[in-house]
Amino acid sequence: MIRIVNGNARGRHPQAIDEMFRLRKRVFHDFLKWDVKTDGEWEIDHYDKANPLYVMSYAPDTGKLRGSLRLLPTLGPNMLDDTFPILLGDNPEIRSASVWESSRFCIEPDISQDRSSNQVTVAAAELMCGVGELGLASGISHIVTVTDVFLERMFRRMGCPGERIADPHRIGSVYAVAVAWEVTRELLETMKQVAAIEGTVLERPMSLETARAA
(Lines give C-alpha, C1' and ligand atoms only; values in the text may rest on other atoms or scores of the structure.)
Protein backbone atom coordinates (compact mmCIF):
# COMPACT_ATOMS: atom_id res chain seq x y z
CA MET A 1 0.00 0.00 0.00
CA ILE A 2 1.19 3.50 -0.86
CA ARG A 3 0.50 6.38 1.48
CA ILE A 4 1.09 10.00 0.44
CA VAL A 5 1.97 12.78 2.91
CA ASN A 6 2.77 16.33 1.87
CA GLY A 7 5.54 18.24 3.56
CA ASN A 8 3.29 20.93 4.99
CA ALA A 9 1.20 18.25 6.71
CA ARG A 10 4.15 16.60 8.48
CA GLY A 11 2.80 17.61 11.87
CA ARG A 12 -0.39 15.61 11.32
CA HIS A 13 1.56 12.40 10.56
CA PRO A 14 4.39 12.36 13.13
CA GLN A 15 4.90 8.59 13.23
CA ALA A 16 5.00 8.16 9.45
CA ILE A 17 7.38 11.09 9.02
CA ASP A 18 9.64 9.90 11.84
CA GLU A 19 9.86 6.40 10.35
CA MET A 20 10.60 7.78 6.89
CA PHE A 21 13.43 10.13 7.96
CA ARG A 22 14.90 7.35 10.11
CA LEU A 23 14.78 4.99 7.13
CA ARG A 24 16.53 7.57 4.98
CA LYS A 25 19.33 7.89 7.55
CA ARG A 26 19.76 4.12 7.78
CA VAL A 27 19.95 3.84 3.99
CA PHE A 28 21.89 6.89 2.84
CA HIS A 29 24.09 7.67 5.85
CA ASP A 30 24.59 4.37 7.67
CA PHE A 31 24.37 1.79 4.86
CA LEU A 32 25.48 3.60 1.68
CA LYS A 33 27.83 6.03 3.47
CA TRP A 34 26.72 8.97 1.32
CA ASP A 35 27.71 12.50 2.33
CA VAL A 36 24.25 13.58 3.52
CA LYS A 37 23.10 15.84 6.33
CA THR A 38 21.66 14.23 9.43
CA ASP A 39 19.74 15.57 12.41
CA GLY A 40 19.90 13.01 15.18
CA GLU A 41 18.39 9.82 13.74
CA TRP A 42 16.95 11.63 10.72
CA GLU A 43 18.39 12.28 7.25
CA ILE A 44 16.82 15.56 6.18
CA ASP A 45 17.85 18.40 3.86
CA HIS A 46 16.63 21.79 2.71
CA TYR A 47 14.49 20.28 -0.06
CA ASP A 48 12.31 18.82 2.67
CA LYS A 49 11.28 22.42 3.44
CA ALA A 50 9.84 22.90 -0.09
CA ASN A 51 6.53 21.09 0.62
CA PRO A 52 7.45 17.85 -1.17
CA LEU A 53 5.20 14.85 -1.44
CA TYR A 54 6.43 11.79 0.42
CA VAL A 55 5.50 8.49 -1.20
CA MET A 56 5.69 5.65 1.32
CA SER A 57 5.26 1.90 0.79
CA TYR A 58 3.91 -0.25 3.62
CA ALA A 59 3.95 -4.05 3.86
CA PRO A 60 0.36 -5.34 3.69
CA ASP A 61 0.90 -8.04 6.31
CA THR A 62 2.79 -6.08 8.99
CA GLY A 63 2.03 -2.44 8.14
CA LYS A 64 5.77 -1.74 8.37
CA LEU A 65 7.37 0.97 6.25
CA ARG A 66 9.47 -0.75 3.59
CA GLY A 67 10.41 2.10 1.26
CA SER A 68 9.92 5.75 0.41
CA LEU A 69 10.72 8.50 -2.06
CA ARG A 70 10.23 12.26 -2.36
CA LEU A 71 8.49 14.18 -5.16
CA LEU A 72 9.06 17.83 -6.05
CA PRO A 73 7.85 19.95 -8.98
CA THR A 74 10.72 21.09 -11.19
CA LEU A 75 9.31 24.62 -11.21
CA GLY A 76 10.59 24.92 -7.64
CA PRO A 77 13.75 23.82 -5.82
CA ASN A 78 14.94 20.39 -6.96
CA MET A 79 18.14 18.37 -6.79
CA LEU A 80 18.78 17.91 -10.51
CA ASP A 81 18.68 21.58 -11.45
CA ASP A 82 20.00 23.10 -8.23
CA THR A 83 22.47 20.58 -6.78
CA PHE A 84 23.56 18.29 -9.62
CA PRO A 85 23.30 20.35 -12.86
CA ILE A 86 26.46 18.58 -14.08
CA LEU A 87 24.23 15.55 -14.71
CA LEU A 88 22.28 17.57 -17.30
CA GLY A 89 25.32 17.63 -19.59
CA ASP A 90 24.74 20.18 -22.33
CA ASN A 91 20.98 20.16 -21.78
CA PRO A 92 19.19 23.18 -20.29
CA GLU A 93 17.63 23.21 -16.85
CA ILE A 94 14.37 21.31 -16.55
CA ARG A 95 11.73 23.74 -15.33
CA SER A 96 8.28 22.60 -16.37
CA ALA A 97 4.87 22.20 -14.77
CA SER A 98 4.60 18.85 -16.57
CA VAL A 99 7.84 17.43 -15.11
CA TRP A 100 8.31 16.39 -11.47
CA GLU A 101 11.44 15.11 -9.74
CA SER A 102 11.73 11.95 -7.69
CA SER A 103 14.52 11.83 -5.11
CA ARG A 104 15.61 10.01 -1.93
CA PHE A 105 14.37 6.67 -3.29
CA CYS A 106 15.17 4.08 -0.62
CA ILE A 107 14.25 0.56 0.46
CA GLU A 108 14.52 -0.84 3.99
CA PRO A 109 18.04 -2.37 4.24
CA ASP A 110 16.72 -5.58 5.81
CA ILE A 111 14.67 -6.10 2.65
CA SER A 112 17.40 -5.05 0.21
CA GLN A 113 19.81 -7.60 1.67
CA ASP A 114 17.31 -10.48 1.50
CA ARG A 115 18.45 -12.10 -1.74
CA SER A 116 16.13 -15.10 -1.27
CA SER A 117 12.91 -13.18 -1.93
CA ASN A 118 11.41 -10.77 -4.43
CA GLN A 119 10.61 -8.13 -1.81
CA VAL A 120 12.98 -5.53 -3.26
CA THR A 121 11.28 -5.62 -6.64
CA VAL A 122 7.80 -5.51 -5.10
CA ALA A 123 8.56 -2.64 -2.71
CA ALA A 124 10.45 -0.65 -5.36
CA ALA A 125 7.82 -1.28 -8.03
CA GLU A 126 5.05 -0.25 -5.65
CA LEU A 127 6.78 3.08 -5.07
CA MET A 128 7.23 3.66 -8.78
CA CYS A 129 3.67 2.56 -9.53
CA GLY A 130 2.43 5.02 -6.93
CA VAL A 131 4.31 7.77 -8.75
CA GLY A 132 2.88 6.53 -12.05
CA GLU A 133 -0.69 6.59 -10.76
CA LEU A 134 -0.21 10.10 -9.35
CA GLY A 135 1.36 11.26 -12.61
CA LEU A 136 -1.41 9.87 -14.80
CA ALA A 137 -4.08 11.42 -12.57
CA SER A 138 -2.30 14.77 -12.86
CA GLY A 139 -1.55 14.85 -16.59
CA ILE A 140 2.21 15.26 -16.17
CA SER A 141 4.53 14.08 -18.92
CA HIS A 142 7.76 12.99 -17.19
CA ILE A 143 9.42 12.07 -13.93
CA VAL A 144 13.14 12.83 -13.61
CA THR A 145 15.57 11.64 -10.97
CA VAL A 146 19.20 11.66 -9.92
CA THR A 147 20.26 8.12 -9.12
CA ASP A 148 23.31 5.89 -9.20
CA VAL A 149 24.04 3.34 -11.90
CA PHE A 150 23.22 0.45 -9.54
CA LEU A 151 19.66 1.69 -9.00
CA GLU A 152 19.41 2.47 -12.70
CA ARG A 153 19.97 -1.25 -13.40
CA MET A 154 17.32 -2.14 -10.83
CA PHE A 155 14.82 0.15 -12.54
CA ARG A 156 15.52 -1.65 -15.81
CA ARG A 157 14.81 -5.01 -14.16
CA MET A 158 11.52 -3.56 -12.88
CA GLY A 159 10.41 -2.79 -16.43
CA CYS A 160 10.98 0.98 -16.23
CA PRO A 161 14.38 1.65 -17.83
CA GLY A 162 13.83 5.34 -18.49
CA GLU A 163 16.19 7.43 -20.61
CA ARG A 164 19.50 8.92 -19.58
CA ILE A 165 19.50 12.69 -19.81
CA ALA A 166 23.31 12.79 -20.10
CA ASP A 167 26.37 10.70 -19.28
CA PRO A 168 27.01 9.55 -15.69
CA HIS A 169 29.48 11.41 -13.48
CA ARG A 170 31.33 10.30 -10.39
CA ILE A 171 29.91 12.19 -7.42
CA GLY A 172 31.44 11.25 -4.10
CA SER A 173 31.64 7.48 -3.90
CA VAL A 174 29.11 6.66 -6.66
CA TYR A 175 28.57 7.10 -10.37
CA ALA A 176 25.44 9.22 -10.60
CA VAL A 177 23.16 9.68 -13.58
CA ALA A 178 20.03 11.68 -14.39
CA VAL A 179 17.17 9.60 -15.77
CA ALA A 180 13.79 10.61 -17.19
CA TRP A 181 10.67 8.46 -17.47
CA GLU A 182 7.72 9.28 -19.67
CA VAL A 183 4.51 8.89 -17.66
CA THR A 184 2.33 6.47 -19.62
CA ARG A 185 -0.34 3.88 -18.91
CA GLU A 186 1.80 1.30 -20.71
CA LEU A 187 4.79 1.86 -18.41
CA LEU A 188 2.59 1.63 -15.33
CA GLU A 189 1.05 -1.65 -16.47
CA THR A 190 4.48 -3.10 -17.34
CA MET A 191 5.79 -2.36 -13.84
CA LYS A 192 2.72 -3.91 -12.25
CA GLN A 193 3.05 -7.01 -14.41
CA VAL A 194 6.73 -7.49 -13.53
CA ALA A 195 6.01 -7.21 -9.80
CA ALA A 196 2.68 -9.08 -9.95
CA ILE A 197 0.81 -6.07 -8.57
CA GLU A 198 -2.95 -6.01 -9.15
CA GLY A 199 -5.19 -2.97 -8.96
CA THR A 200 -4.30 0.43 -7.58
CA VAL A 201 -1.42 0.83 -5.13
CA LEU A 202 -2.56 4.15 -3.67
CA GLU A 203 -4.28 4.18 -0.29
CA ARG A 204 -6.88 6.43 -1.91
CA PRO A 205 -7.18 7.98 -5.40
CA MET A 206 -5.55 11.39 -5.74
CA SER A 207 -3.55 13.65 -8.02
CA LEU A 208 -0.34 15.50 -7.29
CA GLU A 209 -2.32 18.72 -6.86
CA THR A 210 -4.84 17.31 -4.40
CA ALA A 211 -2.08 15.52 -2.50
CA ARG A 212 -0.11 18.77 -2.08
CA ALA A 213 -3.23 20.59 -0.90
CA ALA A 214 -4.29 17.91 1.59
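I began with Lys-33, which counts as exposed at 62% relative accessibility, where exposed means over 50% relative accessible area, buried under 20% and partly exposed in between, with a 1.4 Å probe and protein chains only. I am working on a predicted model, in which local features need pLDDT of at least 70 and side-chain atom pairs count only at pLDDT 80 or more, while totals for chains, interfaces and linings use all residues. Residues are numbered from 1 along each chain as its sequence is written, and side-chain values use heavy atoms, with hydrogens and water left out.

I placed Lys-33 in the loop between α1 (14–31) and β2 (38–39); helices (H or I, at least four residues) and strands (E, at least two) are DSSP runs, numbered from the N terminus. I noted that Lys-33 is not a glycine, yet has a positive phi of about 65°.

I then turned to the loop between α6 and α7, where I found Ala-196, another non-glycine residue with a positive phi, here about 55°. Ala-196 counts as exposed, at 67% relative accessibility.

Arg-204 lies in the loop between α6 (185–195) and α7 (208–213), and I recorded it as partly exposed, with a relative accessible area of 46%. From C-alpha to C-alpha, Arg-204 is 9.6 Å from Met-1, although 203 residues separate them in sequence.

Last, I looked up strand β1 (residues 2–6), which is largely enclosed by the rest of the structure, because four of its five residues are buried. I found β1 joined to the antiparallel strand β4 (residues 53–58) by five bridges, pairing being taken as at least two DSSP bridges between two strands, and Val-5 stands opposite Tyr-54 in β4.
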